[in-house]
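Here's a quick tour of a protein model, written for someone who is new to reading structures. Have the sequence and the 3D view open, and look up each spot as we get there.

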Amino acid sequence: MPQLKAHSDHLKDSKVNYAYGTAGFRMHSSKLDPVMYTVGILAALRSKKFGKPIGVMITASHNPPEDNGVKVVDPLGEMLEQSWESWATKFANSNSTESLEQNIKQLVKSESIDLSAPAHVVIGRDSRESGPALLSSLIEGIDAIEISRPFDFGLLTTPQLHYLVRAYNDPSFGKPTEEGYYEKLSSTLRRIWELCGSSKEIIDVTIDAANGIGANKIEKLSSYVKDILSLKLVNDNYDIPNLLNVDCGADFVKTNQKLPHGLNNPTPLKPYCSFDGDADRIVFYYINQENQFRLLDGDKIATLLTQFVNSLLSQLQDVQLSIGVVQTAYANGSSSQFIKESLQVPVEVTPTGVKHLHHKAVDFDAGIYFEANGHGTVVFSQLFIETLQKYRPRGEQDKKAVSALLLLVDLINQAVGDAISDLLAVLVALKYTNKSALDWDQDYTDLPNRLIKVLVPDRNIFKTTNAERTLVEPKGLQSRIDEIVLQYERGRSFVRASGTEDAVRVYAECKDSDKIQEFVDRVDKLVAEI
């Protein structure tokens with residue numbers, strides 16, 4: 001058994017109750033030491049089970065600078081298998097050496113883990129001030145399991161960590177180095193860029209990096225693509241941790257529907273974008289001719305990429321491949337209607353959380369999923385790839401469409417939402433189809449909507465069904481919400497518990513922009529009365 005007694009000081013404070021949620025563990029960094037230690041143990045054991053490297057990312061994404069978090073990444077860059085989330089929770093809540101040892105024994109037995117097998121854990125972290133201390137606790141946990149080696153890659157975006165884990169386990173995916181990530185993206189971009197035409201124009205792109213680690217990685221990528229793209233940064237102070245996500249970043253822009261701090265005098269009709277703190281989310285926006293802010297969020301990204309993939313597939317005769325879009329309840333109703341009615345592409349709805357969207361997306365040969373917050377990607381089946389590789393083009397247009405689709409497979413980070421690769425995919429889609437930001441925005445008009453957060457004593461009393469769109473508890477609340485919804489044209493509203501804090505999210509949308517604030521306030525009042 002592992003040697004745990006020397007590290008009993010890492011075990012939990014009985015006042016804290018930990019739970020591995022949709023984003024792993026995430027909370028104020030001062031409470032995370034026991035979590036980091038036990039996650040190190042869990043990751044080493046999972047690596048031993050598979051005989052393959054496992055990943056651990058230390059990040060709290062879009063949360064405030066004082067928070068941090070951690071999540072485990074499986075061998076092909078996927079989220080931790082759901083059945084192991086409960087083990088992560090049990091380990092973290094072990095309040096003595098004896099209880100932790102007992103939990104480890106139970107896991108080893110139930111999963112038939114060979115403790116004599118080697119373990120390799122690939123580690124990355126974002127730029128938060130608490131990162132180095134939490135990293136130390138994580139490594140002590142890994143070291144507590146014999147024949148276990150940590151590979152610390154230092155500061156990374158979350159998607160880069162996913163890339164590295166996948167590349168370690170699948171050499172055909174790319175080189176398992178940070179440089180390999182840039183090389184794969186840049187070489188693929190260059191080839192697909194050539195399909196877009198002979199223009200030598202260098203596209204100028206300004207990125208709000210949320211003062212997160214994405215800034216450093218964009219700087220590195222720039223040297224690989226400087227003959228194609230001019231990548232400019234605002235909010236690039238990743239080395240000043242207390243500025244992380246402050247008045248900037250994807251979540252700020254999406255929630256407040258306005259430009260981030262530091263982006264002054266934007267050029268009308270030019271698209272801009274914002275990452276979140278660990279660069280796994282991206283949203284776009286522009287200022288229109290009336291000097292109004294226009295958001296191009298995850299719903300808009302999903303519709304753009306769906307149009308792009310669908311139009312290329314439709315050029316190929318006798319190719320029978322399925323395409324579908326996966327959304328959450330937060331998707332704007334107009335986007336869902338546009339995809340189903342105008343694009344004639346099916347839409348599935350899942351509970352919030354990338355693991356749910358990803359699981360449903362793989363049911364399609366080309367599955368596009370994005371949360372409205374800008375977190376998402378496209379996944380392609382092996383049948384999709386093999387069908388296109390075997391396809392015999394009937395002319396130059398056919399050949400171009402097949403090449404573009406196969407290159408898109410390599411350009412997009414299929415393992416996880418990746419702000420950098422999603423940025424490149426959007427730029428390719430716009431250039432290939434000769435669309436402007438205005439054209440993109442005019443595909444459909446969002447219903448006016450509001451999303452608010454309501455602090456509650458206990459979020460666990462709010463239970464939902466129907467992909468989180470219908471409350472089953474507290475009893476009677478949903479029927480009262482429904483009565484309000486009926487009073488607004490194209491009205492829709494739902495309430496769901498936050499996955500990361502003691503709060504509930506209240507979402508509302510309707511046709512009339514003059515009534516949307518009144519609408520959400522009425523639902524908010526119902527929740528506050530509980």
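What is the volume of the largest cavity? It comes to about 80 Å³. Keep in mind that this is a predicted model.

**The cavity**

- Rolling a probe the size of a water molecule over the atoms shows where empty space is left.
- The count here is one cavity of 30 Å³ or more.
- Who lines the largest cavity? Its lining is made of Tyr-163, Phe-173, Tyr-181, Lys-184, Leu-185, Asp-410, Leu-411, Ile-412 and Asn-413.
- Two elements give two or more residues to that lining: α6 (178-195) and α13 (396-411).
- The top contributor is α6, with three residues.
- Sort the lining residues by type and you get six nonpolar, one polar and two charged.

- Helix α13 has 16 residues and spans 22 Å from its first C-alpha to its last, close to the 22 Å expected at 1.5 Å a residue.

**Helix α2**

- In α2 (residues 82-92), the buried residues are Trp-84, Glu-85, Trp-87, Ala-88, Thr-89, Phe-91 and Ala-92.
- They pack against β1 (25-28), α1 (33-50), α3 (97-110) and α11 (354-361).

**A hairpin to find**

- Strands β9 (residues 282-287) and β10 (residues 293-296) run antiparallel and are joined by four bridges.
- For one of the pairings, find Ile-287: its bridge partner in β10 is Phe-293.
- The two strands form a hairpin with five residues between them, and Asn-291 in the turn has a positive phi of about 65°.

**Gly-417, a buried loop residue**

- Gly-417 sits in the loop between α13 and α14.
- Why does Gly-417 count as buried? Its relative accessibility is 0%, and the cut-off for buried is under 20%.
- Setting aside neighbours within four places in sequence, Gly-417 is in contact with Pro-159, Asp-280, His-375, Gly-376, Thr-377 and Asp-422.
- Gly-417 and Glu-371 are 46 residues apart in sequence, yet 9.8 Å apart in space, C-alpha to C-alpha.

**Glu-509, a buried strand residue**

- You'll find Glu-509 in strand β19 (residues 503-509).
- Is Glu-509 buried or exposed? With a relative accessible area of 2%, Glu-509 is buried.
- Beyond its neighbours within four places in sequence, its contacts include Ala-331, Asn-332, Gly-333, Arg-490, Arg-492 and Phe-519.
- Asn-332 is 177 residues away from Glu-509 in sequence but 7.8 Å away in space, C-alpha to C-alpha.

- Leu-343 is buried, with a relative accessible area of 15%, whereas Gln-344 is exposed at 62%.
- Leaving out neighbours within four places in sequence, Leu-343 touches Thr-303, Thr-306, Gln-307, Asn-310 and Phe-338.
- Leu-343 and Phe-384 are 41 residues apart in sequence and 20 Å apart in space, C-alpha to C-alpha.

- Most residues other than glycine have a negative phi, and most peptide bonds are trans.
- Gln-344 has a positive phi of about 60° although it is not a glycine.
- Asn-235 has a positive phi as well, near 55°.
- Asn-235 lies in the loop between β7 (229-234) and α8 (249-256), and is buried with a relative accessible area of 10%.
- A cis peptide bond, with omega about 0°, joins Glu-473 and Pro-474.
- Pro-474 is in the loop between β17 (470-473) and α16 (477-485).

Terms used. Residues are numbered from 1 along each chain as its sequence is written. This is a predicted model: local features need pLDDT of at least 70, side-chain atom pairs count only at pLDDT 80 or more; totals for chains, interfaces and linings use all residues. Side-chain values use heavy atoms; hydrogens and water are left out. On a 1 Å grid over the protein atoms alone, a cavity is a set of points where a 1.4 Å probe fits but cannot get out, and a pocket is an open set with protein on both sides within 12 Å along at least five of seven lines; lining residues have an atom within 4 Å of a point. Grid points are joined across faces, edges and corners, and a volume is the space filled by probe spheres set on the points. Ala, Val, Leu, Ile, Met, Phe, Trp, Tyr, Cys and Pro count as nonpolar, Asp, Glu, Lys and Arg as charged, and the others, Gly among them, as polar. Two strands pair if DSSP finds at least two bridges between them. The expected span of a helix is 1.5 Å times one less than its number of residues. Buried means under 20% relative accessible area, exposed over 50%, partly exposed in between (1.4 Å probe, protein chains only). Contact means heavy atoms within 4.5 Å.
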